[in-house]
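Please look through the structure below with this short report beside it. The report takes up a few backbone details and then a pair of packed helices.

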Amino acid sequence: VIATVDVLVVDDSPLMRRIITSLLESDPRIRVVATAADGCEAIEQVEAVRPDVLTLDIEMPRMNGLEALERIMQRAPTPVVMLSGVGEATAAVRALELGAVEFVAKPSGTVSIDLYKVRDELISKVKLATLVNLDRVAAQAGLESLTPPAVLPGPPASKHSWMVAVGASTGGPRALNYILRCLPADLPASVLIVQHMPASFTASFAQRLHQHSALHVEEASDGQKVTTGSAYVAPGGIHMVVEKKRGQPIIRLEDTPPVHSVRPSADVLMESVARLSGAHSIGVLLTGMGTDGADGLARIKKAGGITLAQDKGSCTIFGMPRAAIERHVVDRVLPLSEMPHAVTEAMQKGQSNDRAQV
Amino acid sequence: MTEPKSEAIPEIDMSQFRDMFVDESRERMLVLNECTLTLEHTPDDAEALQTILRAAHTLKGMSATMGYDNLARLAHATEDVLDKVQDSDLAMTSELVELLFEAIDALQMLIDDVAVGGTGELDVASTLESLQGFEPEAGTTAHPPVAGPGAPAAIEKLLQPAAATVRVDVHHLDTLLDVVTEMVIHRSLLARLEQRYDLPPLSDTLRVHDRLLAQLHGTVLKMRMLPIGHVFGRFPRMVRDLLKAQGKEARFVVEGEAVKLDRTALEALSDPLVHLLRNAIDHGLEAPAEREAAGKPPSGTLHLLARQEQDSVIIEVGDDGRGMDAQRISAAAVERGIVTAEAAADMSEAHTLELICHPGFSLTEEVTMVSGRGVGMNVVKRQVEALRGSLHIETQPGQGTTFRLQLPAMLTLMRALLVSAGGELYALPTTHVEHIIELEPTKIERVGDQELLHLEDEDKVLPLRRLGELLNAPDCTPDPRHALVVRSNGQIFGLRVDDLLGHEEIVVKPLPAALRGTPGLAGVTILGEGQVVWILDVMGL
């Protein structure tokens with residue numbers, strides 16, 4: 001852990017640079033060492049001052065934030081926290097694919113956002129960004145173009161359908177993107193995803209996943225039927241659970257308090273999946289800070305399901321998987337590249353177990 | 001991700017950012033205006049659309065961050081409209097341009113409210129509704145009353161600070177200049193010590209010190225310089241609106257936005273330029289029908305140019321309208337009793353034209369209409385002269401009129417003629433001095449108490465005054481040997497002084513508080529030798 005975090009603030013508005021600087025510096029451990037007014041300056045400053053973290057605006061003259069991000073990740077990988085308006089969800093999601101560690105929604109008109117919340121989120125995400133596994137971030141930047149993953153063959157059809165509950169936080173969007181690209185359209189399972197992300201961005205994120213995946217991916221809505229070959233992303237700011245209604249699994253969105261300070265919580269989702277799907281549950285815990293999902297994996301394991309966690313080497317932040325591993329509730333610890341296969345394999349094994357029992 | 005624990009983090013006082021918000025949002029408004037004008041002229045200018053979108057977007061974010069929700073909503077609605085235009089790939093229609101201008105005016109109103117301490121919660125519901133109800137559809141392409149300015153993003157580029165810049169409170173800049181000026185003055189005291197003690201190492205050190213001080217002084221003066229585009233930027237919109245209101249047509253050519261001027265001058269120039277442009281449209285430029293009848297193209301040209309010439313900045317405001325009629329101005333001036341018929345007959349055309357700047361002349365609306373030039377020219381001239389500049393008028397009947405302002409590029413440095421009278425030293429801005437004359441008895445006539453100066457070359461007689469007496473200086477030389485021909489505010493007279501000490505570049509400092517308001521004194525400077533020199537206010541003599 002570093003004593004102070006040196007930050008480069010990038011925004012085309014001098015006012016916003018001043019305000020972001022004073023928000024950040026209200027924390028004694030953060031120091032803004034430089035500012036830049038556009039992407040070109042940002043690239044120069046990154047190389048000149050070598051900040052620990054940079055905050056990056058999206059809309060800027062000369063060179064926008066996405067372009068700058070891409071080049072910074074190639075030339076001088078540095079943890080980046082995107083600052084974007086709620087109207088820029090698509091660009092923000094793209095930024096995560098390009099290697100941004102986190103993003104913070106800044107106040108921008110339609111929704112009034114409490115500046116103190118923005119400050120707290122900004123400070124915690126900037127500090128969090130210093131903890132990321134930069135090698136991973138850099139190696140994964142542009143991952144989609146380097147290694148287009150093959151879609152796996154589907155497991156044999158079965159009368160049982162499966163439920164895969166996935167929990168992810170920092171670094172999760174890219175990991176999820178990779179996994180969903182590999183899963184086949186005839187997957188005999190529904191995939192339920194909790195990705196910690198500001199509420200205004202989850203819809204764009206789901207849409208982006210949908211574009212890349214053979215599965216049907218959408219942002220979940222309350223009361224929606226859960227079908228196989230589909231994936232559902234929990235909307236930001238609300239818990240997602242599954243329950244049975246007239247024998248049919250459906251999604252419930254519940255406005256209950258945050259669990260371990262997060263909402264949606266992977267624990268809450270996984271607990272409901274374990275209850276509903278029992279031995280046909282698969283819990284997957286991906287990169288991210290904190291402990292969310294460890295309790296959930298424990299529930300799935302106890303119900304006879306299968307639990308998988310991403311390994312340290314492929315995690316952007318090895319936090320949530322580590323918490324679960326330390327509690328001895330993880331069946332297999334795997335690099336991201338093996339995770340999709342592990343999921344389909346678990347179903348095949350489960351299926352043969354089913355047949356053996358018959 | 002875990003949510004942050006609430007530590008004891010200090011409160012943030014957002015009001016500290018208000019001035020900065022107002023400054024920056026006004027710059028964004030300039031960009032909005034400028035690019036909307038461009039789009040009116042070139043409806044498919046994608047770059048201008050992109051620029052304006054970004055300006056609205058940034059304004060929205062800034063306002064929301066500052067908690068000015070009404071302003072943020074309005075900026076957001078504006079951005080949405082522009083987004084729709086960009087997405088639907090539609091060209092600007094004239095209806096849309098009007099809608100954008102309405103939005104810009106409403107935004108401006110809210111920003112102005114913030115500037116005076118409000119929160120921008122004024123009623124803009126109807127504009128907001130119009131914006132939100134906007135649906136892109138094929139309409140008539142915009143037809144501009146004015147051909148807009150050339151480069152769309154020029155103004156944005158101009159206002160974007162260069163790579164590494166910081167914003168500094170103007171008061172700090174002023175203080176810095178004061179301090180450096182004091183240092184320049186103190187340097188002269190060091191020079192005296194240097195002479196007295198004659199220590200070579202001291203002299204060497206002082207040489208270095210001089211060079212550094214000169215560099216420092218130059219840098220501080222440069223820090224205060226801003227591109228004149230800061231003032232020019234808001235004129236295209238104003239000109240467009242005025243033209244539209246009067247049913248006139250003209251191309252508005254703006255050049256030289258990058259020319260830099262001291263910021264004090266920049267602020268003081270805004271009103272005179274507004275006045276000159278307004279006059280050019282009101283009185284100079286003819287209606288399209290009148291122009292056609294005179295064999296001119298129905299659409300005229302207005303120009304606003306700035307350029308640097310050595311130590312001066314020249315600004316021209318011109319039109320190709322009806323021009324001014326010197327004879328009628330002369331006749332009107334005589335009729336108003338401003339000049340005698342004889343004096344009027346003697347006047348050069350340039351001097352005749354200057355009569356429109358005489359207070360007695362331009363107060364009269366009727367005469368203004370006749371002369372084709374506006375009320376308040378005396379104010380314009382006074383403001384320009386207060387900046388130690390000068391105003392020249394050129395006109396060709398039927399062809400147009402050009403007003404040329406000449407201003408010192410660096411406001412605090414002045415070229416002056418040093419003179420002595422009654423044992424004191426005085427500095428006269430060279431802009432006011434027309435000739436220097438060695439006095440001979442044949443050149444002076446006496447009429448009662450009054451001395452008159454006879455100018456043989458020009459066959460003119462001017463009133464002759466003694467500087468020492470005008471300033472009630474104690475030891476007046478009985479018969480000063482030199483005279484200056486001084487011109488100010490349309491008046492011309494001879495000024496007797498004891499001695500001439502030559503030209504000097506001087507640093508202008510304000511008068512000490514106790515002497516402020518003394519007629520005839522504009523400021524003070526201290527020469528290299530530590531000598532105090534009073535700067536004369538010629539108009540006040």
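Is Ser261(A) buried, exposed or partly exposed? With a relative accessibility of 35%, Ser261(A) counts as partly exposed, where buried means under 20% relative accessible area, exposed means over 50%, and partly exposed lies in between (1.4 Å probe, protein chains only).

## About the model

This is a predicted model, in which local features need pLDDT of at least 70 and side-chain atom pairs count only at pLDDT 80 or more, while totals for chains, interfaces and linings use all residues. Residues are numbered from 1 along each chain as its sequence is written, chains are lettered from A and ligands numbered from 1 in the order in which they are written, and side-chain values use heavy atoms, leaving out hydrogens and water.

## Backbone details in chain A

Ser261(A), although it is not a glycine, has a positive phi of about 65 degrees, and it lies in the loop between β11 and α10 of chain A. Pro264(A) is also placed in the loop between β11 (248-254) and α10 (266-277), and a cis peptide bond, with omega about 0 degrees, joins Arg263(A) to Pro264(A).

## Two packed helices in chain B

Helix α2 (residues 46-66) and helix α3 (residues 69-88) of chain B pack at an angle of about 155 degrees, with their axes 8 Å apart; helices here are DSSP runs (H or I) of at least four residues, and strands are runs (E) of at least two. The axes are lines fitted to C-alpha atoms over the stretch in contact, and angles run from 0 to 180 degrees between N-to-C directions. α2(B) and α3(B) are therefore roughly antiparallel to each other, a term for angles over 145 degrees.

Conventions. Parallel < 35°, antiparallel > 145°, perpendicular 65-115°, else oblique.
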